[in-house]
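Dear colleague,

Please read the notes with the model open beside them.

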Amino acid sequence: MEMVPATVAKEVTQELQVPTIGIGAGPNCSGQVLVLQDILGIYPGRAPKFAKNFMNGASSIQEAVANYVKEVKSKAFPTMSNSF
């Protein structure tokens, strides 16, 4: 679910018997997806609301991606500020 309000995404996830994947749809989806450019902070103009630059503080692309995976698994990302 892309850019679906977090409250709606939560309800849909609770009702379905299949996993849901969110991008900007809040922390209550079964999983999250973020394209590599958004993980690395590579976007023209301003960052999309659902993105987070995981290159900040990372010494390599591999570390940035690992930080993304770690934050998704620990439910530290996305926050409501990355959601609609």
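Pro78 sits in the segment after helix H3, where helices (H or I, at least four residues) and strands (E, at least two) are DSSP runs, numbered from the N terminus. The peptide bond that joins Phe77 and Pro78 is cis, with omega about 0°. Please keep in mind that this is a predicted model, in which local features need pLDDT of at least 70 and side-chain atom pairs count only at pLDDT 80 or more, while totals for chains, interfaces and linings use all residues. Residues are numbered from 1 along each chain as its sequence is written, and side-chain values use heavy atoms, with hydrogens and water left out.

Phe77 and Pro78 also belong to the lining of the largest cavity, together with Gly22, Ile23, Gly24, Gln32, Val33, Leu34 and Phe50. A cavity here is a set of points, on a 1 Å grid over the protein atoms alone, where a 1.4 Å probe fits but cannot get out, and lining residues have an atom within 4 Å of a point. By class, its lining has 6 nonpolar, 3 polar and no charged residues, where Ala, Val, Leu, Ile, Met, Phe, Trp, Tyr, Cys and Pro count as nonpolar, Asp, Glu, Lys and Arg as charged, and the others, Gly among them, as polar.

Also in the segment after H3 is Ser83, which is buried at a relative accessible area of 2%; buried means under 20% relative accessible area, exposed over 50%, and partly exposed in between, with a 1.4 Å probe and protein chains only. Its side chain reaches the backbone nitrogen of Gly26 at 3.3 Å, and a polar atom of that side chain lies 2.9 Å from the backbone oxygen of Thr79. Lys75, in the segment after H3 as well, is exposed at 56% relative accessibility, and its phi is near 65°, a positive value in a residue other than glycine.

Turning to helix H1 (residues 6-15), the buried residues are Ala6, Ala9 and Thr13. Seen down the axis of H1, they fall within an arc of 60°, so they line one face of the helix; the arc is that of the directions from the helix axis to the C-beta atoms. The face turned away from that buried side carries the exposed residues Thr7, Glu11, Gln14 and Glu15.

Thr13 is also joined to Thr20 through a side-chain polar contact of 2.7 Å, a polar contact being a pair of N or O atoms within 3.5 Å of which, within protein, one must be able to donate a hydrogen and the other to accept it, and residues adjacent in sequence count only if both atoms are side-chain atoms. Thr20 lies in the loop between H1 and strand S1 (21-22) and counts as buried at 6% relative accessibility.

Finally, Leu40, in helix H2 (residues 36-40), is buried with a relative accessible area of 11%. Leaving aside neighbours within four places in sequence, Leu40 is in contact (heavy atoms within 4.5 Å) with Asn53, Met55, Ile61 and Ala64.

With best wishes

Note on methods
On a 1 Å grid over the protein atoms alone, a cavity is a set of points where a 1.4 Å probe fits but cannot get out, and a pocket is an open set with protein on both sides within 12 Å along at least five of seven lines; lining residues have an atom within 4 Å of a point.
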